[in-house]
Amino acid sequence: MTPRATLRLALQALTRNKARSFLTMLGIVIGVAAVIVTVSIGAGARISVQNSISSLGSNLIVVQPGSVTTGGARSGFGGASTLTPADGLAIAALPGVASVSPQVTVRTQVVAGGNNWQTTVNGVAPTYTYVRSQTLASGRFFSQSEVASAAKVAVLGQTVVSELFPNGGSPIGSTVIIKGAPFSVIGVLTPLGQSAMGQDQDDTVLIPYTSASERLTGLTTVNALLVSAKDSQAIDSAQDEIVRLLEQRHRIVPPQTDDFQVRNLQSIAQAASQTSAVMEFLLAGVAAVSLLVGGIGIMNIMMVSVTERTREIGLRMAVGAPGRVILQQFLTESIVLATIGGVIGVIFGLMGTGVVSLLARWPTAIPVGWVVASVAFAAMVGIFFGYAPARKAAGLHPIEALRFE
Amino acid sequence: MELVLNVTGLTKRYVLGDAEVHALDGIDLTLERGEFVAIMGPSGSGKSTFMQIAGLLDTPTSGTYRFEGDDVSRLDSDARAAIRSRRLGFVFQAYNLLPRTSALENVELPMVYAGMPESERSRVALEMMALVGVDKLARHNPNQMSGGQQQRVAIARSLVNDPAMILADEPTGALDTKTSSEVMRIFTRVNEERGTTIMLVTHEPDIAAYARRIVTFRDGHIVGDAINEKRAA
């Protein structure tokens with residue numbers, strides 16, 4: 001028997017009882033579809049985490065003040081007031097660094113006309129747009145000379161715009177009151193949406209850091225220095241340069257601990273995508289179990305089918321089919337069922353993925369590797385779980401099989 | 001005359017619980033090419049066991065079976081399957097057609113296992129179906145046919161590989177008298193026109209009457225072997 005002739009026999013047998021064939025496939029269909037949907041959602045989640053982290057800024061390194069101990073109580077990171085704009089300028093001169101922006105953060109009430117809104121006011125430098133990959137929806141960003149003169153100008157995030165100017169219209173040229181001081185609005189930021197941590201990144205007001213220091217905090221220190229490394233490969237070396245420079249500037253000698261800490265987003269991104277990769281595997285594992293159950297379903301129905309078709313097997317043997325050919329036929333039937341089930345499962349899985357991303361608005365990504373792997377796995381399930389019933393069929397004695405009622 | 005079947009000292013023993021059953025106990029029989037023999041006997045006489053060994057569906061416990069001159073008594077199951085697919089035809093009481101499968105495909109089945117090319121298969125199948133008068137039913141499924149029609153399809157199936165011998169096990173057991181005689185006349189015609197050796201197993205004298213020779217089994221022995229003088233037609 002050629003493989004083609006065996007395949008024809010198997011297909012004939014399968015189409016003879018379409019309802020049973022379909023029910024046999026169902027377990028595999030559902031299993032594969034479940035794998036595809038869960039993995040697509042998992043992969044989509046991972047990619048969106050990565051995207052939102054990279055949207056925080058290109059090659060971003062964050063320098064924050066370290067912890068201070070006051071009367072035995074240690075404050076958390078950022079508790080110390082040790083970083084100054086001068087540190088930022090020194091860092092900007094390092095060879096591995098492209099750009100630096102100080103950040104002075106104040107959470108306060110902002111008022112415009114009859115509306116007010118509590119938001120995060122960030123005092124930054126014009127380099128902020130580069131460091132954070134931030135663009136403007138309209139208007140302009142403040143300039144270096146406006147920083148130098150501590151000008152009372154503000155760039156608003158989209159959330160702040162919609163809360164303070166609910167009637168629509170451009171806020172540019174309007175005045176907002178921040179802690180009693182009037183700031184004129186010169187630009188609106190392009191919306192960024194939620195951060196990976198669920199924060200609204202558009203709920204912010206940007207003003208020159210000098211203005212923030214003078215009018216809001218009254219301090220010369222900053223809450224953070226946002227540093228952009230020259231390229232993504234240089235992040236680690238740039239981080240080392242920054243640490244050495246600041247230890248020197250702050251006169252820290254071992255065994256003193258640093259009064260600052262330097263973090264880069266790549267390590268955060270790695271941790272985040274590792275977490276979602278673990279989730280993805282976990283989900284796929286659960287789905288694989290259902291695929292296994294589908295395989296057992298195939299074995300079950302094939303076993304029943306062998307019993308039900310005992311006389312057919314007896315006849316095939318009587319007219320000259322050797323046991324080997326019977327085995328091949330039943331094995332082929334089970335592989336064909338499992339593979340077709342796998343392909344239908346992929347189609348349903350892709351459709352399900354589409355529905356999920358449409359209705360739940362979850363990001364999804366089609367993992368081609370998993371599509372191929374789950375069809376291959378389904379075929380293997382067919383071989384594995386089809387073997388026992390096929391052996392049973394091939395081992396029948398033609399006379400007993402023919403007599404079987 | 002060439003011998004299709006030549007058995008000497010053939011025995012078949014089964015162990016049933018504690019007891020040993022001698023289904024066949026020293027059978028000697030020869031069948032020449034073109035013979036039409038009826039094997040008769042009550043149930044338990046060993047006639048079905050003999051047919052199964054003669055049809056290479058089973059092996060004897062001892063003794064020799066020469067089929068078309070070759071000793072086939074010790075062949076393994078694959079070798080027996082190969083001979084069945086090319087040199088033997090079977091007709092059963094229960095027709096044993098594949099359900100939900102067209103008559104044509106049923107008739108083609110032995111040729112599939114014999115490895116005959118596809119185009120050849122349907123030509124030969126239709127030719128044999130025409131011979132037994134069911135070529136009009138080629139596209140029908142078994143459940144759309146009467147018992148007599150199904151048995152004719154089964155006879156066509158037994159003919160497609162141009163077998164040396166057809167073994168028919170109670171072929172009319174499920175048919176009424178009129179249909180039975182129609183089926184038996186087909187066997188007679190196949191035997192006379194094609195010269196195919198036919199071994200018919202039956203316990204009905206009316207049916208055995210169509211054969212030219214009647215061999216009677218009892219308790220695993222042959223107790224009668226005679227030319228049928230009053231042959232039915």
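Student: So, in chain B, which loop does B:Leu56 lie in?

Tutor: Bear in mind that this is a predicted model. B:Leu56 sits in the chain B loop that runs between helix H1 (47–54) and strand E4 (62–67).

Student: What's its phi, positive or negative?

Tutor: Positive, about 60 degrees, even though B:Leu56 is not a glycine. In general, most residues other than glycine have a negative phi.

Student: And is B:Leu56 buried or exposed?

Tutor: Buried. B:Leu56 has 25 other C-beta atoms within 10 Å, and the cut-off for buried is 20 or more.

Student: Which loop is B:Arg100 in?

Tutor: B:Arg100 is in the loop of chain B between strand E6 (88–92) and helix H3 (103–114). B:Arg100 is not a glycine, and its phi is positive, about 55 degrees.

Student: Why does B:Arg100 count as partly exposed?

Tutor: Because B:Arg100 has 13 C-beta neighbours inside 10 Å. Exposed would need 12 or fewer, and buried 20 or more.

Student: OK, zooming out. How many helices and strands does chain B have?

Tutor: Chain B has 7 helices and 10 strands. Of its 233 residues, 47% are buried.

Student: What about contacts in chain B between residues at least 6 apart in sequence: what share joins residues at least 24 apart?

Tutor: That share is 68%.

Student: New topic: how many residues does each chain put into the contact between A and B?

Tutor: Chain A gives 20 residues and chain B gives 20 residues. On the chain A side, helix H1 (3–16), helix H10 (310–318), helix H11 (323–359) and helix H13 (398–403) each supply at least two residues.

Student: Which of them gives the most?

Tutor: H10(A) does, with 5 residues.

Student: And how does the side of chain A that touches chain B split by class?

Tutor: That side has 13 nonpolar, 3 polar and 4 charged residues.

Student: Last one, helix H7 of chain A. Which residues are buried there?

Tutor: In H7, which covers residues 209–217 of chain A, the buried ones include A:Tyr209, A:Thr210, A:Ser211, A:Ala212 and A:Ser213.

Key
Residues numbered from 1 in each chain as written. Chains lettered and ligands numbered in written order. Predicted model: local features only at pLDDT ≥ 70, side-chain atom pairs only at ≥ 80, totals over all residues. Helix = DSSP H or I, 4+ residues; strand = E, 2+ residues; numbered from the N terminus. Contact = placed C-beta atoms within 7 Å. Nonpolar A, V, L, I, M, F, W, Y, C, P; charged D, E, K, R; others polar.
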